[in-house]
Amino acid sequence: MAARVVDILVPVALDQTYSYRVPVGLELTPGDLVAVPLGAREYMGVVWADNPNPSPRLHNRLKDVDEKLDVPPLKAELRQFVDWVSGYTLASRGMVLRMALRMGEHLGPGRDRVGVRLSGPAPQRMTAARVRVLELFADGLTRSKGEASQEAGVSAGVIDGLIDEGTLETVILPPEPVASQPDPDFHKPEFSLAQLAAADTLRTTVEQGGYTVTLLDGVTGSGKTEVYFEAVAENIRRNRQTLILMPEIALTAQFLDRFCERFGVRPAEWHSQLSPRKRARTWAAVAAGEVPVVVGARSALFLPYADLGLIVVDEEHDPAYKQEDGAHYHARDMAVVRGSIAKIPVVLASATPSVESEVNARRGRYRHVHLPERFGGAHLPSIEAIDMRREGPPRGRFISPRLAEAVAVSLTRGEQALLFLNRRGYAPLTLCRACGFRLQCPNCDAWLVDHRFKRRLVCHHCGFSMPPPVECPNCHATDSFAAVGPGVERLEQEAGELFPQARILVLSSDLVESIERLRQELDDVAEGRFDLIIGTQLVAKGHHFPKLNLVGIIDADLGLGNGDPRAAERTFQLLHQVVGRAGREEGRGIGYLQTHQPEHPVMRALISGDREAFYKNEIEQREHSGYPPFGRLASLVVTANERHTAETYGRTLAKAAPKDDQVRVLGPAEAPIAVVRGRHRFRLLVKSPRAFDLSAYLRAWLAAAPKPRGNVRLEVDVDPQSFY
Ligand code: ADP
Ligand code: ZN
């Protein structure tokens, strides 16, 4: 009888599976993890399907599966999700599978934890250090070697010496569990009536189970977290796993604490900063069903949950959910897909829902739960415009007199103020006063940004950096450089002069030394150890700063003029969220928008507090122009070492597009940032109606078109979020 054959997917950039023979005596079912030879290497792979009819000719040339790995199989649910994501985004199935196998090389039994305890008689020779160790262990407890040497204040050698003499003995400790069991009733809050109604709806949704999507739409400070925790509690009671997605896990220290206050234990974390060992152990524990709740960044969607029962996407509007390298996917959208495949509820939470989710809720495709008021009677901040055309600051300054006055008042009251500017560094442009020469990145079509704290000029696209030059490379004038425009570092300088007594903190992602340090700084702000915070969008996200009552937006127009179809939405969301940091406890928050266009619909909606006006206007415009969610978009980005090559391939590609009345192909056009990392860039934009299968169209197109050759690369981005 011929050996059984299975098709195996390997986590490399390939779409197809490979057939392998199953050696006699090996039991394999779809989902099993295996080791297989491929080319000259051995790979980990996943049995994707049985192959009942391999062609006989092929059969004899097939290789054998090497071994089955001792890990729970990937469930059909996850395999189906991998296929779906690949089909939709056009990322190869192997690449998508790779995201589900990000447990590193550390599978299998972990390194044992070794503990030390007292066992035999005191040693022959006593030293002061040994006495300290013996005193420590007199309590009869077991400690790890590290703890012991630290607590006794001795070197590891002293401990080893005592083990050698038989005074101490080593024992194997059980592995620390990745996560402990949360108590759904540990600390239930007293809900307001509105919160109670919302929490009940969510709890019922979980109780009834099945696939649903609920948009939890509540103003900043309304208690969305407390409310969706009730859904999580219900899911914990049902012994099913919960995934809570966060846009940026680095910023969630406060969140972990709140979870702990509510449920008595911390949840498991999943993000790119986990150590390899922690990653492997968490992956395995999630697969074994030993982790009740995972709080994670977008990659947590691809974990092998044993029994996922609920997904919460917090700050669902956040652009950070879009992954733009490797596989291009939007984690919020894929969370909804995962929910539908697993047949479980999905909760999307935001104070400023994406236009996509808002439309889905309005059309009844999603359930809609509202929290229209802040908790505890706090008012939403009032917002005023400062018209920079009439009341702007003096030349070379960026804080208008009215904003400066307001900050001064709030500082004398002992309250905190936040100045928001979404620009890292000191100045976005440096030019020579003598000849007008601008310092540009040698690899990109971009100016170098002056970062004075680091004493470097930095390219924000490729990371190129250099010390500030002594003389102008063009006219050789010395001391001729002038900084143009503000970044947060420059703002700090100005604020330092205006408010010399204030304790100022600059929060910007490029200044973050470590997540721990950042968590500490955010904590310092929450505890009132700073008076004035100057920050980029790092400060916009979900933080709760009780003493903060004033927010000043230095350049409210910054995101509006970049030709991005989502510019208005992004600006509205970002500014609304930032201003929403004000007055969360006291309810006397105020926001100032420094703008050159106070009449712009986004500014008007923010100032009047009329969110509805913004959505109405934006939804109408999207519908009119056929932009998402009323139509579909995909972008194709061609890059090459020479401009001509990129453009030529872009043209070839456009010509090969299948004719279809429903599809419009725009371009190729040179990208707004024409060169990045020395690569010339051209873009094509593809538009279709909503009901059209754009992924299938793209697949047919790319299959028929000539493949990119030489150094030409093609990136496909379905539902693009950035257009640079
Ligand atoms: P949102 O996420 O909607 O901005 P949060 O969930 O962060 O709001 O809640 C804002 C603040 O109000 C938090 O400090 C939270 O602990 C508090 N809060 C909300 N609801 C309650 C409640 N029912 N009882 C006590 N505190 C609450
Ligand atoms: Zn560059």
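The chain is divided into domain 1 (5-100), domain 2 (113-173), domain 3 (193-376), domain 4 (378-423 + 486-620) and domain 5 (631-718); the bounds come from an automatic or database domain assignment. In this predicted model, local features need pLDDT of at least 70 and side-chain atom pairs count only at pLDDT 80 or more, while totals for chains, interfaces and linings use all residues. Residues are numbered from 1 along each chain as its sequence is written, chains are lettered from A and ligands numbered from 1 in the order in which they are written, and side-chain values use heavy atoms, with hydrogens and water left out.

**Domain 3 and domain 4**

- The C-alpha centres of domain 3 and domain 4 are 27 Å apart.
- Domain 3 gives 32 residues to the contact and domain 4 gives 31 residues, where contact means heavy atoms within 4.5 Å.
- About 2,600 Å² is buried between domain 3 and domain 4, with 51% of that area from carbon and sulfur atoms; buried area is the accessible area (1.4 Å probe) that two parts lose on being put together, summed over both.

**Helix pairs**

- Helices (H or I, at least four residues) and strands (E, at least two) are DSSP runs, numbered from the N terminus.
- Axes are lines fitted to C-alpha atoms, for helices over the stretch in contact, and angles run from 0 to 180 degrees between N-to-C directions.
- Angles under 35 degrees count as roughly parallel, over 145 as roughly antiparallel, 65 to 115 as roughly perpendicular and the rest as oblique.
- Helix α17 (residues 567-579) packs against helix α19 (residues 611-625) at about 165°, with the axes 11 Å apart, which means that α17 is roughly antiparallel to α19.
- In that contact, Ala568, Glu569 and Phe572 of α17 meet Arg611, Phe614, Tyr615, Glu618 and Arg622 of α19; four of the contact residues are nonpolar, none polar and four charged.
- Nonpolar covers Ala, Val, Leu, Ile, Met, Phe, Trp, Tyr, Cys and Pro, charged covers Asp, Glu, Lys and Arg, and the others, Gly among them, are polar.
- Helix α2 (residues 76-89) and helix α11 (residues 331-342) cross at roughly 140°, their axes coming within 10 Å, so α2 and α11 are oblique to each other.
- The contact of α2 with α11 has nine nonpolar residues, one polar and two charged; Trp84 of α2 and Met334 of α11 are among them.
- Helix α4 (residues 128-137) and helix α6 (residues 156-164) pack at about 75° with axes 10 Å apart, which makes α4 roughly perpendicular to α6.
- Ala129, Arg130 and Val133 of α4 contact Val158, Ile159, Gly161 and Leu162 of α6.

**Backbone features**

- Most residues other than glycine have a negative phi, and most peptide bonds are trans.
- The peptide bond from Pro628 to Pro629 is cis, with omega near 5°, and Pro629 sits in the loop between α19 and β29 (631-640).
- Gly667 and Pro668 are also joined by a cis peptide bond, with omega about 10°; Pro668 is in strand β30 (residues 664-676).
- Glu315 has a positive phi, near 50°, and is in the loop between β13 (308-313) and β14 (322-323).

**Leu702**

- Leu702 belongs to helix α21 (residues 694-704).
- Apart from its neighbours within four places in sequence, Leu702 contacts Leu90, Leu653, Lys707, Leu714 and Val716.
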